[in-house]
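Let's take a friendly walk through a protein model. Please have a look at the sequence and the structure before reading on.

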Amino acid sequence: YSLNTAEKIVNYINDNYGIKITNQSIADIFGFNSHYVSDMIKKFTGMSLHKYLLHVRMIKAISYMESNTYTLSEIAVRCGFGDIYYFSRYFKKEMGISPSEYMKSN
């Protein structure tokens, strides 16, 4: 695979983390088979495409939380989690504390 292509896909994810992104949607945009895209991203980032997308969304969510500009519901939607419940469950699983506890501590 091309490092340039993998980098373009990673940049696309970093720029579009707030919308629905799937292996198939990335494959369609970049003109590849979804399995090929998945393998390429795994080799490039060390994470599956889905895991990398969640990683980017978490980094962005934490950044929004630290800016104190948006509510948790707004952050969840802005970061592509869909709803506050999914975001809260995922955040707590990854960080060990709830998003609201995180915001209070910062």
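## A predicted model

Please keep in mind that this is a predicted model.

## The nonpolar core

Let's begin on the inside. The largest nonpolar core is made of 32 residues. Ile13, Met65, Ile75, Phe81 and Phe87 are the ones with the most contacts inside this core. At least two core residues come from each of α1, α2, α3 (34-45), α4, α5, α6 (84-95) and α7 (99-105). Which helix gives the most to this core? That is α4, with ten residues.

Phe87 shows what such contacts look like. Leaving out residues up to four places away in sequence, Phe87 touches Ala61, Met65, Leu72, Ile75, Ala76, Phe81 and Pro99.

## Aromatic rings

How many aromatic pairs does the structure hold? There are nine. One of them joins Tyr12 and Phe30 in an edge-to-face arrangement, with 5.9 Å from centre to centre and 85 degrees between the planes. Tyr12 belongs to helix α1 (residues 3-16) and Phe30 to helix α2 (residues 23-30), so this pair ties together parts that are 18 residues apart in sequence. Phe30 is partly exposed, at a relative accessible area of 23%.

Phe81 and Tyr86 form another aromatic pair, this time tilted: the centres are 5.8 Å apart and the planes are at 55 degrees. Phe81 is buried, with 4% relative accessibility, whereas Tyr86 is partly exposed, with 28%. Both residues belong to one aromatic cluster, together with Phe87, Tyr90, Phe91 and Tyr102.

## A buried leucine

Next, find Leu49 in helix α4. Is Leu49 buried or exposed? Its relative accessibility is 2%, so Leu49 counts as buried.

Who surrounds this residue? Apart from neighbours within four places in sequence, Leu49 is in contact with Ile13, Ile21, Thr22, Asn23, Ile26, Val37 and Ile41. The C-alpha atom of Leu49 is also separated by 5.8 Å from that of Ser38, although the two residues are eleven residues apart along the chain.

## A loop residue with positive phi

Finally, where is Asn68 found? Look in the loop between α4 (49-67) and α5 (72-78). Asn68 has a phi near 55 degrees, which is a positive value in a residue other than glycine. With a relative accessible area of 52%, Asn68 is exposed, whereas Leu49 is buried at 2% relative accessibility.

Note on methods
Residues are numbered from 1 along each chain as its sequence is written. This is a predicted model: local features need pLDDT of at least 70, side-chain atom pairs count only at pLDDT 80 or more; totals for chains, interfaces and linings use all residues. Side-chain values use heavy atoms; hydrogens and water are left out. Rings of Phe, Tyr and Trp (its six-membered ring) pair if their centres lie within 6.5 Å; planes under 30 degrees apart count as stacked, over 60 as edge-to-face and the rest as tilted. Helices (H or I, at least four residues) and strands (E, at least two) are DSSP runs, numbered from the N terminus. Buried means under 20% relative accessible area, exposed over 50%, partly exposed in between (1.4 Å probe, protein chains only). Contact means heavy atoms within 4.5 Å. A nonpolar core is a set of buried Ala, Val, Leu, Ile, Met, Phe, Trp, Tyr and Cys residues joined through side-chain atoms within 4.5 Å.
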